[in-house]
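My entries are below, in the order in which I made them.

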Amino acid sequence: MDFEIKRKDGAGRIGRIDLGGWRVETPTIMPVINPGILTIPPNEMKEFGAEILITNSYIIYRNENLHEKAVENGVHSLLDFNGPIMTDSGAYQLSVYGDVEVGSKEILGFQNDIESDIHVPLDLPTPPGVSWDRAKNDLEVTLKRAREGVEVARNNNSVIAGPIQGSTHLDLRKKSAFEMSKLYFDLYCIGGVVPMMESYDFENLIKAVVASKSCLPFNAPVHLFGAGHPMVFAVAVAFGCDLFDSAAYALFAKRNRYLTNRGTWNVKEMEYLPCSCPACHGRDVNDLMDSELLARHNLYATFEELRVVKEAIRRGELLELASERARSHPRLHSALKWGLENGDWIEETTPFSKKSAFFYTGEESLYRPEISRVHNSIKRYNLKGNILLFLAHDIDEEIAGKIKCSKDIQVMEIKPPFVYPAELSRTYPYGQSLVPKHIDSGRHEKAIETIKEINKKYGDRFDEKYIVGPEYKDYTEKLNDIKPLMTSQVNQLL
Ligand SMILES: [Zn+2]
């Protein structure tokens, strides 16, 4: 299996997986196929945009009829799907029923027998919130089975996924990812997150992703196991998830649940259909009471959101999209904020220049890698002469031009949260950014922090420090060695 990264933004990427003669573009979702209950025939899945499917080898293993057919003709024939198929091992059943009637090596052998394209060892999914000792013990079992699994896969020359566990203990998630990465899996699956998805616990979900990703090789694809709601794609992709899977499209449809990128709605409580997919077009809410039709809408909505995410990566607007989507649920918003604040490795993968502008979309933007990068780049400047800080907007252009030409004055533009040498005013993200006219205190504080940093580094080189602009008071009150200057007085300085 090969994985090539084509485009990047934040920690998100558009990638290409080459597998068994098939090609899959990521980020994507693998619709879950229950071979016993086919809500939508697998051979129709490509119409929705599915390039790869996932099915449960344990269900096939346990059913005599399916077992026989799968071993005889392979899983592709069983599902009638001309594309790659990943197989899960029964870990989900293990997490729900507490026991399964198969060993890890046995189920891996079976996945090989039925010609699955990606195999998964029987890991131990640990639910959120359990004690550290329990999570640690479960993790040891998963690691042992993973080591055995790698050996089995090498003997069979098959592709295998490495499950990451550790519950809500981030040190264990990191340990899990670190130990797994030493085994060189083809891809890594962040597991044990279904209960988090079900309870809208997006903060622990993103914590698990950020902790795991920080210890995984950057160039390996990462699968968020059991997550497949369109509302989380933008945020999860922004933190480096490439693959999703979900049975939600079918399971939710049975309970009249209509998936949107803003959340899940009950069709029975809806009056309008906001979507124009082939399932919704020309129909009304009463038609969507039909669970097959609703499952079709759910799949269309799921793949549509993934295309929106991919286009955002291509345009360099993934973090803006993630901010927008995070507004649909307060817990998703705090998850995004936590991830940006704590996932410092995202800075390494965020492009330095973009064609698009940096959009300040709210408080969480303050934690974006571009902002910390601006703050840290102060060390590299070569500032000389007196310093004049000016609040970028509302300054007479003629005066601004004169100031910028003066050799004795170093002009620093303030466009909260950014503070930067005027020479960079046409570059990303400094001048090439859009910030709202109304300034919140967080933006001021970030700018003040940066000015303090400038003072620390270069303060003794400047004879005088001035600030000019309509909101100078916000700064002089907190930075007592900076003198305010009226716009009309700027000429005297030149
Ligand atoms: Zn629809």
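The entries cover the annotated sites, then a methionine, then a helix packing.

**Conventions.** I worked from a predicted model, in which local features need pLDDT of at least 70 and side-chain atom pairs count only at pLDDT 80 or more, while totals for chains, interfaces and linings use all residues. Residues are numbered from 1 along each chain as its sequence is written, and side-chain values use heavy atoms, with hydrogens and water left out.

**Entry 1: annotated sites.** I checked UniProt, where an unreviewed entry places the feature "binding site" at Asp 123 and Gly 192. Positions from UniProt are given in the numbering used here, feature names are shortened, and annotations may be inferred rather than shown by experiment. The two positions are spread over 70 residues of sequence but cluster in space, with a largest C-alpha distance of 9.8 Å.

I found Asp 123 in the loop between helix 6 (104–113) and helix 7 (132–156). Helices (H or I, at least four residues) and strands (E, at least two) are DSSP runs, numbered from the N terminus. Asp 123 has a relative accessible area of 7% and is therefore buried (under 20%; exposed is over 50%, partly exposed in between, with a 1.4 Å probe and protein chains only). Beyond four places in sequence, I listed its contacts (heavy atoms within 4.5 Å) as Ser 89, Ala 91, Leu 94, Thr 142, Arg 145, Pro 163 and Gln 165.

I placed Gly 192 in the loop between strand 8 (187–190) and helix 9. Gly 192 is buried too, at 13%. Not counting residues up to four places away in sequence, Gly 192 touches Thr 126, Pro 128, Gln 165 and Arg 173.

**Entry 2: Met 196.** I located Met 196 in helix 9 (residues 194–198). Its relative accessible area is 0%, so Met 196 is buried. With residues up to four places away in sequence left out, Met 196 touches Pro 128, Ser 167, Thr 168, Arg 173, Asp 201, Asn 204 and Leu 205.

**Entry 3: helices 10 and 15.** I looked up how helix 10 (residues 202–213) packs on helix 15 (residues 330–342): the angle is about 25° and the axes are 8 Å apart. Axes are lines fitted to C-alpha atoms, for helices over the stretch in contact, and angles run from 0 to 180 degrees between N-to-C directions. The pair is therefore roughly parallel (under 35 degrees; over 145 is roughly antiparallel, 65 to 115 roughly perpendicular, the rest oblique). From helix 10, the contact includes Phe 202 and Ile 206; from helix 15, Leu 332 and Trp 338 are among the residues involved.
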